[in-house]
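Welcome! Here is a short tour for anyone meeting this structure for the first time. Take a look at the sequence and the model, then read on.

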Amino acid sequence: MATMNKASPAGTAIALSGGGSRAMAFHLGCLRALHAAGVLQQVETISSVSGGSVLAALYCATPGDFSHFEVKARAMLAKGLVKPSIRVALSTPEGIKALLQFLVIGADRMLAMFLRAARRLAGFAPSSPTAWLRKSRLKRRFSRTTILRRALDQSFDGAKLSDLRADRPRLIIVSCELQTKSAFYFTREGLASWRFGSAKADGISLAHAVVASAAYPLLLPALDEELVFSKGGEEALRAVILTDGGVYDNSGLSPLWPDRDPNVSFFVRPHDRLIACRAGYGLGHDPAPTFIGSRMRASFFAVHARAQNAAVQRLFDVQMNGKVKAVLLPYIDQPDEQLLEAPEDLIPRSHVSAYPTDFHAMSDEWADRLIRRGEQVTKALLDQHWGYDASISSTDGDD
């Protein structure tokens, strides 16, 4: 393993973005390059969302050295999460429970919709419906999301948040709480939301935290649950509805910003250096949206892209303002011509940019391509901006 040619960076944090298996493979390459340079061994905190959370959880929970983690990550990429979830749905009671609950809650809401319409026709004031008409009293305990959670639990060997390795960086898994439109954090020490306070992590599985971070809207229902939170010396039972962390911030940087106020926000010790590994799509020129469905989809992605561009701009702003010493942005869609230290065999961005952001099984060819892209981009940026002379090798030493 190559070593750094400068003093080890102090207070380094990594953010792993969302993006399904595409993100998992690209981020694996990023971590390979950082490990080869000796930077990963100095990282104190990893923050992650969605696909980045799957990989980060594997890294922070898998026994053994980096090579053991990489073997497990590649095996998960090859298997994907779709077929294991289908297997869980067909071979366990989870699938039947999810279907029955979907039908019951669907009927409940259809009845509420018809009753609201009847109230309007009868002349009732629209501002005074009963609580049941506004919100179902039924909680969705079983769904496609809980099926995925069970499949992930098998991949994580049943690990709990408390089982995260103490000798690996502190992991912060980011979800989005839909009622308050705020970030929700899972860590080994506990759960946190600036709106609700903190809750204990006792008994919460690693798979539960990851699936809360990866429950992409429309495809995977949000998790609906109740937790006891402590805030200002008082405890209270709160309902939380958790969905994909990328809805709040797909960069994964939300807990790492140096200007966060610890009095009102989840506190993470400030870091000197921030590395943001970004695996989402770049700006493209899509076909003209014609009907309402395609226009709503285009509007959603326009807002999403604008939010991500703002996060990137903020990343470099905090560096220019002296709040962090250095930043690094390994980006899957990085323009190749801007990589001044790119290798001759660089995987071009055009060869990877079209890969979808889902969790289907990935072929070895695609995995090699995406991992290599992440590895090469990260190494080139390290050499170009941080001055590390680290060779990329397929053989890795111990952590």
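The second largest pocket is lined by 17 residues, and those nearest its centre are Ile-105, Arg-140, Pro-221, Ala-222 and Asp-224. Please keep in mind that this is a predicted model.

- Helix H5 and strand S8 each contribute at least two residues to its lining.
- H5 gives the most to that lining, with four residues.

**Helix H5**
- H5 covers residues 93–122, and its 30 residues should span 44 Å at 1.5 Å a residue. The C-alpha atoms at its ends lie 43 Å apart, which agrees with that expectation.
- Its buried residues are Glu-94, Gly-95, Ala-98, Gln-101, Ile-105, Asp-108, Ala-112 and Arg-119. One of them, Ile-105, also belongs to the group nearest the centre of the second largest pocket.
- After H5 comes Gly-123, which has a positive phi near 90°.

**The annotated active site**
- In an unreviewed entry, UniProt places the feature "active site" at Ser-50 and Asp-244.
- Ser-50 sits in the loop between strand S2 (43–48) and helix H2 (51–61). With 6% relative accessibility, Ser-50 counts as buried, because the cut-off is under 20%.
- Beyond residues up to four places away in sequence, Ser-50 touches Gly-18, Ser-213, Ala-214 and Asp-244.
- Asp-244 is part of strand S8, which runs over residues 234–244. Asp-244 also counts as buried, at 4% relative accessibility.
- Leaving out residues up to four places away in sequence, Asp-244 touches several residues, including Ser-50, Cys-176, Ser-213 and Pro-217. The side chain of Asp-244 also reaches the backbone nitrogen of Gly-246 at 2.6 Å.

**Ser-213, in contact with both**
- Which residues does Ser-213 contact, leaving aside its neighbours within four places in sequence? They are Ser-48, Val-49, Ser-50, Ser-53, Ile-173, Val-174, Ser-175, Asp-244 and Gly-245.
- Ser-213 is found in helix H8, and at 0% relative accessibility Ser-213 counts as buried.
- The side chain of Ser-213 makes a polar contact of 2.9 Å with the side chain of Ser-53.

**Lys-200, out in the open**
- Is Lys-200 buried or exposed? Lys-200 counts as exposed, at 64% relative accessibility.
- Its place is in the loop between strand S6 (197–199) and helix H8 (206–214).
- Lys-200 and Val-228 are 28 residues apart along the chain, and their C-alpha atoms are separated by 8.0 Å.

**The enclosed cavity**
- Rolling a probe the size of a water molecule over the atoms shows where empty space is left.
- The count comes to one cavity of 30 Å³ or more, and the largest cavity has a volume of about 50 Å³.
- The lining of the largest cavity is made up of Ser-17, Ser-251, Leu-253, Ala-276, Cys-277, Arg-278, Gln-308, Ala-311, Val-312 and Leu-329.
- Strand S9 (273–277) and helix H10 (292–320) each supply at least two of the lining residues. The largest share, three residues, comes from H10.

Terms used:
Residues are numbered from 1 along each chain as its sequence is written. This is a predicted model: local features need pLDDT of at least 70, side-chain atom pairs count only at pLDDT 80 or more; totals for chains, interfaces and linings use all residues. Side-chain values use heavy atoms; hydrogens and water are left out. The expected span of a helix is 1.5 Å times one less than its number of residues. Buried means under 20% relative accessible area, exposed over 50%, partly exposed in between (1.4 Å probe, protein chains only). UniProt positions are given in the numbering used here, feature names are shortened, and annotations may be inferred rather than shown by experiment. Contact means heavy atoms within 4.5 Å. A polar contact is a pair of N or O atoms within 3.5 Å; within protein, one must be able to donate a hydrogen and the other to accept it, and residues adjacent in sequence count only if both atoms are side-chain atoms. On a 1 Å grid over the protein atoms alone, a cavity is a set of points where a 1.4 Å probe fits but cannot get out, and a pocket is an open set with protein on both sides within 12 Å along at least five of seven lines; lining residues have an atom within 4 Å of a point. Grid points are joined across faces, edges and corners, and a volume is the space filled by probe spheres set on the points.
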